[in-house]
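Opening the notebook on this one.

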Amino acid sequence: MSFTMPDFMPALPEMFLLGMTCFILLLDLFLSERSRIVTYLLAQSTLLGALLLTVGLYEEGRALTFSDTFVIDPMGSVLKVFIYLATFLVFLYAKDYLRARNMFKGEFYILGLFGVLGMNVLVSAHSLLTIYLGLELLSLSMYAMVALQRDSLQASEAAMKYFVLGAMASALLLYGMSMLYGVTGSLDLGQINNSTAAMDGNSMVLAFALVFMVIGVAFKLGAVPFHMWLPDVYHGAPTAATLYLSSAPKLAAFAMMMRLLVDGMAGLQEQWEGMLILLAVLSLALGNVIAIAQTNLKRMLAYSAISHVGFLLLGVLSGTQAGYAAAMFYAIAYVIMGLGGFGMIVLMSRAGFEADNIEDFKGLNERSPWFALMMLILMFSMAGVPPFLGFWSKLAVIQAAIGVELVWLAAVAVVFSVIGAFYYLRVVKVMYFDKAEAGMPAISASLDLRVVLSTNSLAVLGLGLFPGGLLALCLAALA
Amino acid sequence: MFADLPLLSLVIWTPIIGGLLVLAAGSRNALEAKALALLVALITFLLSLPLFTSFDTATAAMQFTELHPWIAAWSINYHLGVDGISMPLILLTTFTTVLVVIAGWEVIKDKPAQYMASFLIMAGLMNGVFAALDAALFYVFWEAMLIPMFIVIGVWGGPRRIYATLKFFLYTFLGSVFMLVALIWMYLQSGSFAILDLHAMPLSLNAQILIFLAFLLAFAVKVPMWPVHTWLPDAHVEAPTGGSVILAAIMLKLGAYGFLRFSLPITPDASQQLDWLMIALSLIAVVYIGFVALVQQDMKKLIAYSSISHMGFVTLGMFIAWRIADNTGSMQGAGMGIQGAMVQMISHGFISGAMFLCVGVLYDRLHSREIGDYGGVAHTMPRFAGFMVLFAMANAGLPGTSGFVGEFMVILASFKANFWFAFLAATTLILGAAYTLWMVRRVVYGEVTSDKVAALQDINGREFLILGVLALMVLLLGLWPAPLLDVMRPTVEHLVQHMAVSKL
């Protein structure tokens with residue numbers, strides 16, 4: 001076996017990320033507490049640098065490298081760009097929050113960057129091994145990030161829960177991969193795809209492999225019935241970590257699903273379509289109904305995230321290019337809205353006070369009409385009311401479902417979106433219709449947070465008025 | 001000179017952008033914000049006038065059209081245009097918005113800028129609904145409109161406002177999402193969201209029936225038709241006066257407009273198949289809800305039920321078309337029912353708005369809507385009593401007022417369809433008179449019942465202006481409905497011809 005030099009170019013952003021992260025890790029050791037801002041700035045510039053590299057490398061068509069284990073294609077590049085952007089916003093939103101809680105340490109940023117590297121590897125994976133590698137790099141960073149607040153009982157519990165359940169999901173995924181390897185004799189997704197397409201689909205081992213893989217993906221996405229970890233972790237983790245968990249990793253999980261199911265097992269679409277329908281209906285039902293009972297905003301948004309996964313699955317299960325593009329559009333839209341939603345919690349909280357109860361938003365319209373309006377935009381957008389971005393993303397996935405004659409599924413989805421509207425409306429009700437209690441302070445966040453959060457919310461409105469560009473991007477990425 | 005301006009875009013975006021400016025002006029300087037709101041409302045109204053004056057009454061084609069690509073990937077266009085059905089409704093919207101801004105002038109003390117801004121934005125969105133010729137654009141306006149109304153009822157409403165506004169929002173939202181599914185399905189079949197393309201699209205009967213039912217859910221909730229009307233009395237009672245006026249005068253018309261723009265032309269065969277259902281529901285609304293109105297103790301609730309009953313006439317007028325055609329052998333006579341329905345919509349916009357404003361005038365003084373708390377108001381508020389009696393008469397369908405024209409046309413048309421339809425519909429002449437005039441007798445006439453009533457002040461100039469303008473419109477439309485009928489005739493004729501052709 002002769003050794004040939006692989007083409008490093010497609011993985012340039014990942015190598016840059018790795019190099020910079022290691023450099024920041026070292027540098028951070030020598031920084032004093034007061035100059036910690038350097039870590040922050042370097043982390044942000046790393047993200048921007050990686051973004052530039054990814055954009056620069058963008059091209060139509062796909063290229064494989066590293067013995068076909070690593071793929072670069074338009075879908076991956078677009079997802080990576082949004083992963084950088086989302087993480088950039090997370091770092092920015094989290095800065096003040098971490099400072100006020102004495103958590104403004106290098107670890108948060110280094111773990112975050114390693115997580116981004118893991119996501120990138122996952123997005124570009126073209127082999128079962130690369131998928132697993134990326135997934136574990138991401139997951140381990142997230143476990144640690146949840147546990148960052150060492151002395152908080154709640155956070156430690158959440159981290160423990162996350163770790164145990166996450167490890168189990170990884171094990172199931174690995175088990176499925178091993179069976180798939182047993183059946184097809186290959187780790188390469190392209191070859192797996194060819195082998196599975198040639199089989200009749202009735203193979204017992206293949207069916208088991210598929211079930212385990214779908215479970216692994218469903219766990220990472222947080223689809224019912226593999227969602228148990230999600231509300232507890234979102235709630236227990238420091239809001240800064242929740243912000244991180246709820247944003248970019250959703251894109252990575254979407255990519256993982258696409259790589260495994262579409263790139264690897266397109267021939268089994270009939271089989272996994274049924275499984276995803278079940279997951280989607282359950283997620284829509286449970287996520288939306290249980291969210292109604294929540295009094296904690298983080299928990300409510302966690303259940304809302306579960307229901308959004310249900311919508312996202314509608315797009316993927318349709319098995320069409322338009323459906324995949326719709327799901328990608330949905331994932332990106334959700335990340336933008338979710339960032340705004342958790343960002344609002346960060347904005348409202350200050351030292352010693354987590355504004356994570358819905359009650360904490362009482363009378364926000366009197367205290368800060370501007371941010372009440374921003375939250376209103378986010379809530380109505382998540383509920384899927386036009387003219388906001390959330391409406392178009394829902395329209396896209398429903399259209400995908402109707403396009404493959406699943407009109408009943410579309411009807412189920414819209415009914416649950418009406419049920420879901422109730423709890424978003426309740427947040428608006430608390431902000432606008434309830435009176436503020438005495439002693440509720442005005443918002444004291446720093447300027448950059450205010451400006452960026454406002455931009456985030458207005459982007460939800462702007463992309464709702466002009467969704468064509470983002471939509472065309474998603475369609476082009478999957479063409 | 002107006003032909004070059006994108007008038008429809010202007011009547012949509014002027015109030016929306018103006019509303020945002022009012023919001024930005026904030027409540028710190030309430031007067032400034034209110035003056036700005038009035039200015040915006042007036043400008044919008046003036047901008048909408050050329051739609052009427054330059055309207056070509058000889059054609060049924062869409063006029064003042066604007067077409068720009070919006071979302072190319074789904075071939076969704078920013079496509080606007082009006083015909084004889086939608087143009088009068090846009091005028092009604094811009095006109096009512098001016099009145100609502102004036103009506104809220106002194107009354108709204110809490111966050112007046114946000115109040116005015118909500119109404120302006122709502123007006124723009126409602127104009128958008130009427131002007132949209134692209135189904136996706138229509139849906140965006142249709143749903144977006146719920147947001148300001150949700151806020152208006154919830155913030156400035158009565159004691160049970162939160163229950164009422166949530167019910168309002170969820171009810172109407174549930175109705176509309178099925179319409180969205182139907183629209184998407186049709187888009188995937190035909191490749192176009194353009195309403196006029198959907199009109200021409202052939203559909204099997206089964207598909208038509210499902211689509212018709214999906215539309216029915218959306219529009220019946222908005223109209224509202226029995227039995228999905230229960231949100232309306234709650235929303236009306238708890239809404240502030242301006243909210244009630246907009247709800248009754250315009251939002252209810254959106255449902256009826258939906259039937260004319262979507263159900264009848266897109267699913268004519270299903271409409272014909274299911275017209276028994278629509279006629280039955282309409283007659284139940286007319287008769288049963290009329291009785292329900294009779295026993296109301298709350299003035300706003302009474303007018304709310306009266307609105308449902310009157311809207312029953314509108315839907316009746318639209319769906320008796322095929323029965324008339326069966327009996328007379330041509331679709332010619334069928335147009336009268338639809339024309340009557342249209343006149344009834346416009347007239348009800350003026351009358352119900354005026355009635356809610358009358359109740360608002362009383363409520364601002366005594367903070368009660370109970371009929372029992374009043375009595376002998378005519379002694380202390382003679383000018384007000386005059387207006388209230390006029391509007392009550394119009395509500396009861398007195399000849400010479402606008403209320404008569406529409407009802408008469410619909411009853412006349414239903415005679416051609418079936419005697420019993422006409423008989424049941426005509427009971428409204430008795431029932432409507434009974435509940436309205438009985439309320440007026442108890443509130444306006446009789447002895448002065450309490451010290452509070454004795455201390456009432458008659459209406460001031462601002463209130464006189466609003467009620468006076470409305471009274472003028474009610475009488476004008478009642479005595480001389482010809483301009484309105486002329487405007488809508490070609491469109492209605494075209495619609496009737498279109499309905500007569502099967503799409504199977």
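**Interface of chains A and B**

I started with the contact (heavy atoms within 4.5 Å), which takes 34 residues from chain B and 43 residues from chain A. This is a predicted model, where local features need pLDDT of at least 70 and side-chain atom pairs count only at pLDDT 80 or more, while totals for chains, interfaces and linings use all residues. Residues are numbered from 1 along each chain as its sequence is written, chains are lettered from A in the order in which they are written, and side-chain values use heavy atoms, with hydrogens and water left out.

Next I looked up the buried area (accessible area, 1.4 Å probe, that two parts lose on being put together, summed over both). Chains B and A bury about 3,300 Å² between them, and 84% of that is on carbon and sulfur atoms.

Then salt bridges (side-chain nitrogen of Lys or Arg within 4 Å of a carboxyl oxygen of Asp or Glu): the rule finds one across this interface. The partners are A:Glu366 and B:Lys111, with their closest N and O atoms 4.0 Å apart. I checked which elements of chain B touch chain A: strand S1 (63–71) and helices H5 (135–144), H6 (146–156) and H7 (161–190) each supply at least two residues. H7(B) gives the largest share, 16 residues. Helices here are DSSP runs of H or I with at least four residues, strands are E runs of at least two, numbered from the N terminus.

**Helix H16(B)**

I noted that H16 of chain B (residues 334–366) has 33 residues. Of these, 29 are buried (under 20% relative accessible area, 1.4 Å probe, protein chains only). B:His367 follows H16(B), with a positive phi near 55 degrees.

Conventions:
The expected span of a helix is 1.5 Å times one less than its number of residues. Buried means under 20% relative accessible area, exposed over 50%, partly exposed in between (1.4 Å probe, protein chains only).
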